[in-house]
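Let's walk through this structure together, going from one residue's surroundings out to the whole chain and back to a few local details. Keep the viewer open as you read.

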Amino acid sequence: MTQPLVVKVGGSTLGSHDTALEDIAALHAAGRRIIVVHGGGNTGTEWLKIHDIANEFVDGLRVTNADAIDVVTAVFAGLVNKQLVADLRGLGAPAFGLCGVDGGLLETRQLDQRLGFVGEVSAVDARPLETLLDAGYLPVIGPVGFWQDGDKTRLMNVNADTVAGEVAAAVGAAALVFLTDVAYVRDGSGDNLQELRPAEVEGLIAGGAASGGMIPKLRAGARAAEAGVGCSIIDGREAHALRRVLDGVELGTRVTV
Ligand SMILES: Nc1ncnc2c1ncn2[C@@H]1O[C@H](COP(=O)(O)OP(=O)(O)OP(=O)(O)O)[C@@H](O)[C@H]1O
Ligand SMILES: [Mg+2]
């Protein structure tokens, strides 16, 4: 059984007419097993504004109070997920949308009370993904999980990069590719990093070189790399970056042990 490829599509590249979805559809048509994980940063922020809910990030993670988790679920597991599924289906790919609540895919616990309903992944049940892949579908995962909080099962916001790293590790992915809106991860001197070791990640964060959304991305890349999954962070705005990196072209930053 060939191992799936996990592709994280960034909110910053979504809807900007990049070629990522074309590449994903073509790779699937060529027989690759693919799992897509998406963020949706900008749409989430817009909808929180519409609902007059504060929008604050701590270390790249969105502070998510009781009002915000409703919007996050509606936007990430709803609008953004369904638009992506529709777009992929429009390209001929048998996309199947789900979030981490569906089939019990992503069990989480509260990461930090101050962040509200933000989950850290405690368990991945890969069976829904394997079932969909075996049936020929292309799973598209929205980053919402669940938390068994005593007798309450709560919806939890999980950073999409974190989801991608955990899913890639759980399914033993052939590779994990993050499509984002920068060409490289930069180090403390502003130089492009072609390679990064998991052990170097916390230093980049502590030293301030990596900030905001790059923090969970690097941690997720390190997590996947330590689980044996080769990981690349590449610029999704560049034409056919996904196809090219899978063809072996050296693009972006590789996180490897
Ligand atoms: N050291 C760094 N090197 C490169 N980019 C960095 C670094 N530190 C912080 N960044 C920022 O990280 C951003 C990418 O993360 P961001 O969370 O914004 O996008 P994404 O994860 O692709 O999309 P989304 O969060 O919507 O899924 C870059 O646009 C850049 O501003
Ligand atoms: Mg991000």
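Leaving aside neighbours within four places in sequence, Ala 224 is in contact with Gly 165, Ala 168, Ala 169, Leu 176, Val 229 and Cys 231, where contact means that the C-beta atoms, placed from the backbone, lie within 7 Å. This is a predicted model, in which local features need pLDDT of at least 70 and side-chain atom pairs count only at pLDDT 80 or more, while totals for chains, interfaces and linings use all residues. Residues are numbered from 1 along each chain as its sequence is written, and chains are lettered from A and ligands numbered from 1 in the order in which they are written.

Ala 224 sits in helix α7, residues 214-226; helices (H or I, at least four residues) and strands (E, at least two) are DSSP runs, numbered from the N terminus. Because 28 other C-beta atoms lie within 10 Å, Ala 224 is buried. The cut-offs here are 20 or more other C-beta atoms within 10 Å for buried, 12 or fewer for exposed, and partly exposed in between, with C-beta atoms placed from the backbone. Ala 175 is 49 residues away along the chain, and its C-alpha atom is 8.9 Å from that of Ala 224.

Now zoom out. The protein chain has eight helices and 16 strands, and 50% of its 257 residues count as buried. Among contacts with a separation of 6 or more, 72% join residues 24 or more positions apart.

Next, look at helix α4 (residues 127-134), whose buried residues are Leu 129, Leu 132 and Leu 133. They cover an arc of only 100 degrees around the axis, so they lie on the same side of α4; the arc is that of the directions from the helix axis to the C-beta atoms. These buried residues pack against β2 (34-38), β5 (95-99), β8 (138-142) and α5 (160-171). The face turned away from them carries the exposed Arg 127, Thr 131 and Asp 134.

Finally, some backbone angles. Most residues other than glycine have a negative phi. Asp 52, in the loop between α2 (41-50) and β3 (57-58), has a positive phi near 60 degrees. Asp 52 counts as exposed because it has 7 C-beta neighbours inside 10 Å. His 240, also not a glycine, has a positive phi of about 55 degrees, and with 16 other C-beta atoms within 10 Å His 240 is partly exposed.

Definitions and conventions:
Contact = placed C-beta atoms within 7 Å.
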